[in-house]
Amino acid sequence: MNLNDSVVVVTGGAKGIGYAICEMLAQAGAKIAMVDRDEAQLEQSASNLSALTEVQGYAVDITDEGLVEDTFQYILEDFKQVNVVINNAGVLQDGLLLKLREGKLIDKMSLQQFNAVMAVNVQGSFLCGREGALAMIASQQTGLIINMSSLARHGNVGQTNYAASKAAVASMTVGWAKELARHQIRAVAIAPGVIDTEMTRRMPEKAMANIQAAIPCQRLGQASEIAQTVKFVIENDYINGRIIEVDGGLTF
Ligand SMILES: NC(=O)c1ccc[n+]([C@@H]2O[C@H](COP(=O)([O-])OP(=O)(O)OC[C@H]3O[C@@H](n4cnc5c(N)ncnc54)[C@H](O)[C@@H]3O)[C@@H](O)[C@H]2O)c1
C-alpha cells in the first residue's frame with residue numbers, strides 16, 4: 001500500500017509507540033486519525049504533527065462500543081476514507097495470580113485487574129478492528145489492520161491478564177486475515193519485546209535490569225523501531241495473517 005495520502009487510524013496514538021507510529025507515517029505522507037483517551041496529550045501530540053500532515057485527534061475510550069462506532073463515522077466524514085487501523089492502545093496491570101507468604105495468601109489478581117486489561121487490549125482492539133474494517137469497506141478502499149500483540153503472549157510470570165490479552169490479539173489477527181481477505185483487507189500483528197516507553201518505565205527497576213541483561217541485543221527497543229516495522233508492513237502487500245516479532249532476540 002502506498003502511504004502517501006492514505007488515511008491511518010492509530011489508537012493510543014497520543015504517546016509512546018503509538019505516537020512514534022503517527023510521526024513516522026506522517027513523515028511518509030499519510031493522513032493521521034489519532035485516537036486516545038488522554039485528551040490533553042492527544043491535543044498536544046496532534047498539534048505537534050499538524051505541520052507535517054492532515055491530522056485529527058479523537059478523544060475516545062476504545063472500550064466503549066457506542067463511542068467507537070461514532071468515532072469511525074466521524075473519521076469517515078472528516079477524511080472520506082480509511083485505509084489502515086493500528087490497534088495500538090493497550091494497558092498493563094501486572095500482579096501474581098496468587099501471592100503467598102509462609103503458606104498464607106496475602107494477595108491475588110483480582111477479577112477487576114483481569115477484566116480491566118482484557119477490556120482495553122482485547123475488547124478495544126475487537127471494536128476498533130470491526131468498525132475499522134466496516135469503514136474500509138464503506139469507503140471502497142483496500143485495507144489493513146495491524147494489532148499490537150507482545151512477546152508476553154507466550155505466557156509470563158505476573159502477567160496472567162496481559163499475556164492472555166496479547167495471545168487473544170494475535171489470534172484475532174489470524175482469523176481476520178482469513179475472514180476479511182474477500183474485502184481486500186489484510187491483518188497483521190506485531191509482537192514487540194521490551195520497548196522504552198512510559199509503560200515500561202513504570203516497571204520496578206530491578207525487574208527491568210534483569211530483563212535488559214537477558215536481551216541478546218543488550219538494550220531495550222525504541223518506539224521508532226516498532227514504527228519502522230509498521231511502515232514496512234503497510235508498504236509490503238504480501239505480509240498477511242502473521243505475527244511479526246521485534247524483540248532484540250529476547251525469549252521468555
Ligand atoms: N512498551 C513495551 O515494552 C511494549 C511491549 C510489547 C507490547 N506493547 C504494546 O504496545 C502498545 C503501546 O504501548 P506503549 O508502551 O506505547 O504504551 P503507553 O502506555 O506509553 O501508551 C499507551 C497509549 O494508549 C492509550 N490508551 C490506553 N487505554 C486506552 C483506552 N481505553 N482508550 C484509548 N486510549 C487508551 C493511553 O492513553 C496511551 O496514550 C500497547 O498495546 C502495549 O501493550 C508495548
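## Strand S7

Strand S7 is mostly covered, with 6 of its 6 residues buried; a residue is buried if 20 or more other C-beta atoms lie within 10 Å of its own, exposed if 12 or fewer, and partly exposed in between, with C-beta atoms placed from the backbone. The model is a predicted one: local features need pLDDT of at least 70, side-chain atom pairs count only at pLDDT 80 or more, and totals for chains, interfaces and linings use all residues. Residues are numbered from 1 along each chain as its sequence is written. Helices (H or I, at least four residues) and strands (E, at least two) are DSSP runs, numbered from the N terminus.

In a regular strand the side chains alternate between the two faces of the sheet. Both faces of S7 are covered: Gly-143, Ile-145 and Asn-147 are buried on one side, and Leu-144, Ile-146 and Met-148 are buried on the other.

## Sheet and pairing

An open sheet is formed by 7 strands in the order S3-S2-S1-S4-S7-S8-S9, with parallel pairing; two strands pair if DSSP finds at least two bridges between them. Strand S3 (55-59) and strand S9 (243-246) are the edge strands, each pairing on one side only. On average, neighbouring strands of this sheet are turned by 15 degrees against each other, direction ignored. Axes are lines fitted to C-alpha atoms, for helices over the stretch in contact, and angles run from 0 to 180 degrees between N-to-C directions.

S7 pairs in the parallel sense with strand S4 (residues 84-87) over 4 bridges, and Asn-87 stands opposite Asn-147 in S7. The parallel pairing of S7 with S8 comprises 6 bridges, and the bridge partner of Ile-146 in S8 is Val-188. Strand S1 (residues 7-11) and strand S2 (residues 31-36) run parallel and are joined by 5 bridges; here Val-7 stands opposite Lys-31 in S2.

## Helices on the sheet

Helix H3 (residues 65-79) packs on the sheet and touches S1, S2 and S3, its direction making about 160 degrees with that of S2. Helix H5 (residues 160-180) lies across strand S7 (143-148), strand S8 (185-192) and S9, and runs at about 160 degrees to S8.

## Nonpolar core

The largest nonpolar core has 67 residues, and those with the most contacts inside it are Val-9, Ile-32 and Met-34. Such a core is a set of buried Ala, Val, Leu, Ile, Met, Phe, Trp, Tyr and Cys residues joined through C-beta atoms within 7 Å. H4 gives the most to this core, with 9 residues.

Two residues are in contact if their C-beta atoms, placed from the backbone, lie within 7 Å. Not counting residues up to four places away in sequence, Ile-32 touches Val-8, Val-10, Cys-22, Leu-25, Ala-26, Leu-49, Thr-53 and Val-55.

## Surroundings of the ligand

Of the 28 residues around the ligand, Gly-12, Gly-16, Gly-90, Thr-197 and Met-199 come nearest; a residue is near a molecule or strand if its C-beta atom, placed from the backbone, lies within 6 Å of it. Helix H1 (16-27), helix H4 (111-138) and helix H6 (198-201) are the elements that give two or more residues to the shell around the ligand.

By class, the shell around the ligand has 11 nonpolar, 11 polar and 6 charged residues. Ala, Val, Leu, Ile, Met, Phe, Trp, Tyr, Cys and Pro count as nonpolar, Asp, Glu, Lys and Arg as charged, and the others, Gly among them, as polar.

Ala-14 is found in the loop between S1 and H1 and is buried because 25 other C-beta atoms lie within 10 Å. Leaving aside neighbours within four places in sequence, Ala-14 has contacts that include Met-34, Asp-36 and Asp-38. The C-alpha atoms of Ala-14 and Glu-39, 25 residues apart along the chain, are separated by 8.6 Å.

Asp-247 lies in the segment after S9 and counts as partly exposed because it has 18 C-beta neighbours inside 10 Å. Asp-247 touches Leu-151, Pro-192 and Gly-193, not counting residues up to four places away in sequence. Asp-247 and Val-194 are 53 residues apart in sequence and 6.6 Å apart in space, C-alpha to C-alpha.

## Hairpin and positive phi values

Strand S5 (residues 98-101) and strand S6 (residues 104-108) run antiparallel and are joined by 4 bridges. S5 and S6 form a hairpin with 2 residues between them, and Glu-102 in the turn has a positive phi of about 50 degrees.

Lys-80, in the loop between H3 and S4, has a positive phi near 75 degrees. Lys-80 counts as exposed because it has 11 C-beta neighbours inside 10 Å.
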